[in-house]
Amino acid sequence: MGIVRPEVLDWGWAHHRKMGTGRGQLRIYLGAAAGVGKTYAMLSEGHRRADRGSDVVVAFAETHGRRQTAVLLDGLEVVPRQTISYRGATFEEMDTDAVIARRPQIALVDELAHTNVPGSRHEKRWQDVQDLLEAGINVVSAVNIQHLESLNDVVEQITGIPQRETVPDSVVRAADQVELVDMTAEALRRRMAHGNIYPPEKIDAALTNYFRAGNLTALRELALLWLADKVDEGLQQYRAQHHIKSTWEARERVVVALTGGPEGDTLVRRAARIAARSAGGDLLAVHVIKSDGLTGANPANLTRQRQLTESLGGTYHQVVGDDITAALLAFAQAENATQLVLGASRRPWLVALLTGPGIGARTIRDSGPIDVHIVTHAHVGGRWTLLPRHRGGITPQRQLLGFALAAGLAPALTVLLSLSRSSLNLTTDVLAFLVAVIAVALTGGFVPALLEAVAGSLLLNYYFTPPIHQFTIAEANNVVALVVFVAVGLAVSWVVDLTARRSKQAARASAESQLLATTAGSIVRGQGAVEAILERTREAFAMRSVSLLECASVAGTDVHRGEGEARRGPVAKWNCVGSAGESPARRPEDADVEVPISDSLSMALSGRPLPAGDRRVLSAFAAQAGVALEQQRLAAEAEAAKPIAAADRMRTALLAAVSHDLRTPLASAKAAVTSLRTPDIPWSADDVSELLAAADESLDRLAHLVENLLDMSRLQAGALSLFPRPVGVDEVVARALDALSPLGHDIKVDIPLSVPAVRADPAILERVVVNLAQNALRYAPDGKPPLVAASVLGDRVELRVVDQGPGIPSEDRERMFVPFQRLGDTDNTTGVGLGLALSRGLTEAMGGTLTADDTPGGGLTMIVSLPAAVEPSAPGPSPAPSRSATDLT
């Protein structure tokens with residue numbers, strides 16, 4: 001048995017925590033399957049703590065008859081269990097009140113996901129554990145991975161067996177320590193074969209069904225992966241608390257940068273293969289939206305690449321940043337990424353030579369401990385334009401190129417025009433320099449063009465305006481020409497620079513609109529959970545954390561909000577209703593940025609101050625978060641109203657359907673009692689006996705009807721308490737036939753000895769059998785009594801109640817199971833129409849099914865299918881003997 005301890009810090013129990021000074025601590029032993037040694041480890045921990053002087057008691061421990069485990073109970077104080085009677089049976093549960101009254105330092109509580117018997121303090125044992133923790137008692141408990149709520153469907157898919165007892169993941173994640181009791185599939189199967197887990201008669205069936213090597217290996221992997229996530233969660237909290245920004249390569253996290261280009265599919269697949277090389281590797285795709293909008297990105301490509309990322313098990317993110325390299329590395333560091341995947345540049349070598357190093361080169365230079373992969377693809381060097389296609393503002397690279405062009409173009413043009421002085425006049429020279437100014441303005445903006453215009457005017461004056469080689473001008477028209485040249489050059493430069501700024505603003509607005517449209521679309525489609533919007537906000541503005549705060553003002557204290565900011569009373573209390581990121585702010589004054597949403601709602605961001613331009617779009621994000629919160633609350637209210645509406649419909653149906661059925665037995669009983677009380681009539685002993693029998697029968701009918709109505713109401717409201725346990729089918733059928741006495745003795749029974757026990761509530765299953773048998777007796781012809789038979793089908797047991805009556809057409813069979821429905825609706829004397837509806841509801845509540853089928857030769861067969869308590873082994877070649885009705889009764 002190996003135990004993986006994700007946290008090496010001691011609980012500090014050796015300091016003997018005083019009761020009532022704080023909440024107790026919870027340690028959980030997590031296992032992949034029964035028999036790995038969780039209870040053994042829990043009891044061993046109890047002995048270790050007791051040896052160190054701690055006050056330890058066993059609040060509840062289930063040894064399952066395993067000798068090695070039972071021995072560990074010796075030397076430990078065991079709190080007596082609580083005895084509870086339920087439906088004629090006696091059960092033992094943990095006595096939570098007794099444990100709290102005993103006030104130990106440490107309580108050992110086995111089977112955390114256990115469902116308590118109705119009548120207990122709580123429905124679930126984990127709720128009892130919460131009470132112990134609130135009382136300041138430290139708790140050691142145990143649970144299997146298949147009982148975690150989030151993995152319930154996955155475990156059922158692997159093993160084929162649904163798990164009815166579950167515990168919320170939040171309970172286990174909130175534990176102070178979770179330790180994995182680990183064992184290989186082969187070792188666990190050997191332990192099973194040696195008889196250390198199940199009794200000998202169950203070993204073969206278990207090894208060939210639930211305890212197959214594949215099942216155990218899959219469950220073990222689930223346990224390891226779940227615990228790895230828990231450990232990683234603790235690691236992230238530790239890094240946040242200690243302000244650690246450097247990358248810790250505890251788990252491979254691969255970030256792939258997407259530009260929206262056609263190469264994105266190749267990059268995502270390559271990054272997924274890198275992540276898959278290590279177990280538990282994470283894949284994150286990120287697209288950086290520049291303030292200029294990155295208008296070269298293809299939305300269709302990004303949508304396809306996002307879907308591809310999600311299909312490969314990764315997540316898709318968007319961030320906003322003027323510096324793509326800085327934004328990309330900030331995201332990777334925030335996610336503790338270990339590897340970064342980028343595509344090779346699509347720029348030709350000439351463009352790269354003129355514009356300097358690209359994003360890939362700068363990312364490699366600044367990546368630090370993060371490995372950077374530059375992946376080649378089919379679109380490398382696909383752009384054949386000389387200059388980069390900047391559709392936004394004038395970037396520093398363009399300005400540098402403009403200055404270089406101005407510095408080289410003016411002298412070169414002066415030399416060329418000087419060589420052609422004999423054939424050209426001043427007008428041509430001015431126009432040539434004007435073209436040069438426009439070229440510089442288009443390339444580098446206003447400042448390089450201004451320098452080019454000044455330099456051009458000086459060169460024109462010195463080399464081309466008479467008197468030549470002097471800075472004087474002889475003719476007035478030449479002065480006008482030079483002034484017009486400078487004015488036109490400056491005007492063109494200003495227009496180009498203004499256009500660039502307007503283009504930048506429009507592109508940024510487009511990027512913001514795209515981001516807001518994506519978020520708004522998520523809300524409209526019902527995908528806008530508050531946490532998801534807050535996480536998107538955090539990523540978009542590269543913040544450390546984002547929280548949504550709601551003010552709950554204390555009585556007598558007003559909460560005032562001025563224009564653009566909030567003023568809070570001295571005792572105002574802020575509640576965090578949603579957060580994303582590390583160390584979210586709990587009060588607006590603790591945040592770097594606060595955005596009021598309403599009088600009582602604010603969004604608080606931590607990480608860095610934001611410029612005024614970002615606050616405008618941030619306000620829109622905050623408004624959407626407020627809408628999502630309201631939508632979430634309305635949905636919760638609507639969900640809470642559904643049971644109320646269902647109960648109203650049920651009450652209406654009850655009043656409409658039972659008026660006659662309640663009056664009839666009441667009237668019969670009242671008439672009999674009234675007749676007996678009449679003093680004027682001398683009743684004989686036989687008459688009195690007959691009247692009493694009539695009253696008794698009527699009251700029995702009334703009690704049965706009321707019991708059915710109450711159970712149907714509980715089923716509809718989801719409030720019916722069940723306590724499933726292994727029970728023999730023959731035992732249940734015997735009690736059901738006794739309840740039908742004397743009619744039950746006429747029913748034939750055919751239940752082979754090889755039929756295993758089923759997992760069901762014995763009392764509830766008995767009621768189902770009684771209802772079905774009564775229905776079969778009602779329609780069975782004389783001389784052809786009904787038959788109750790049982791058989792095995794896979795990992796389930798089928799109980800059949802067969803009659804040879806008139807049967808029911810296949811199109812009407814589902815109508816049988818509708819509450820208050822009698823086929824034909826003509827006979828109101830045989831019941832309210834709840835028997836079959838109630839039987840199906842009770843069967844499904846136990847994890848079974850109730851269906852109807854034809855009886856060969858005519859009639860109806862009702863089939864109850866329930867999960868076997870232990871999967872049956874393959875039947876032998878010879879038929880097993882059967883129990884007869886005489887044997888059962």
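**Core, strand and ring geometry**

Me: What is the relative accessible area of Leu426, and is Leu426 buried or exposed?

Reply: This is a predicted model in which local features need pLDDT of at least 70 and side-chain atom pairs count only at pLDDT 80 or more, while totals for chains, interfaces and linings use all residues. Residues are numbered from 1 along each chain as its sequence is written, and side-chain values use heavy atoms, without hydrogens and water. Buried means under 20% relative accessible area, exposed over 50% and partly exposed in between (1.4 Å probe, protein chains only). For Leu426 the value is 15%, so the residue is buried.

Me: In which helix is Leu426 found?

Reply: Helices are DSSP runs of H or I with at least four residues, strands are runs of E with at least two, and both are numbered from the N terminus. Leu426 falls in the run of residues 426-444, which is helix H16.

Me: Which residues are in contact with Val167, leaving aside its neighbours within four places in sequence?

Reply: Contact means heavy atoms within 4.5 Å. With neighbours within four places in sequence left aside, the partners of Val167 are Leu112, Ala113, Trp126, Val143, His147, Leu148, Glu149 and Val172.

Me: Why is strand S9 largely enclosed by the rest of the structure?

Reply: Both faces are covered, with Gln177, Glu179 and Val181 buried on one side and Val178, Leu180 and Asp182 buried on the other. S9 (residues 177-182) is therefore largely enclosed because its buried residues number six of six.

Me: How many bridges join strand S2 to S9, and what is the bridge partner of Ile28?

Reply: Two strands pair if DSSP finds at least two bridges between them. S2 (residues 26-31) and S9 run parallel and are joined by five bridges. In S9, the partner of Ile28 is Val178.

Me: At what distance from the ring centre of Phe60 does Arg125 lie?

Reply: A charge sits over a ring if NZ of Lys or CZ of Arg is within 6 Å of the ring centre and within 35 degrees of the ring normal. Arg81 lies over the face of Phe60 at 4.0 Å from the ring centre. Arg125, in helix H4 (residues 125-134), is buried at 0% relative accessibility. Arg125 also lies over the face of Phe60, at a distance from the ring centre of 3.8 Å.

Me: Are the rings of Tyr462 and Tyr463 stacked or edge-to-face?

Reply: Rings of Phe, Tyr and Trp (its six-membered ring) pair if their centres lie within 6.5 Å; planes under 30 degrees apart count as stacked, over 60 as edge-to-face and the rest as tilted. Tyr462 is partly exposed at 26% relative accessibility, and Tyr463 is partly exposed at 28%. The two ring centres are 5.0 Å apart with planes at 80 degrees, so the pair is edge-to-face.

Me: Which residues do ring pairs link into a cluster?

Reply: A search of the whole structure finds five aromatic pairs. The residues that ring pairs link into a cluster are Phe433, Tyr462, Tyr463 and Phe464.
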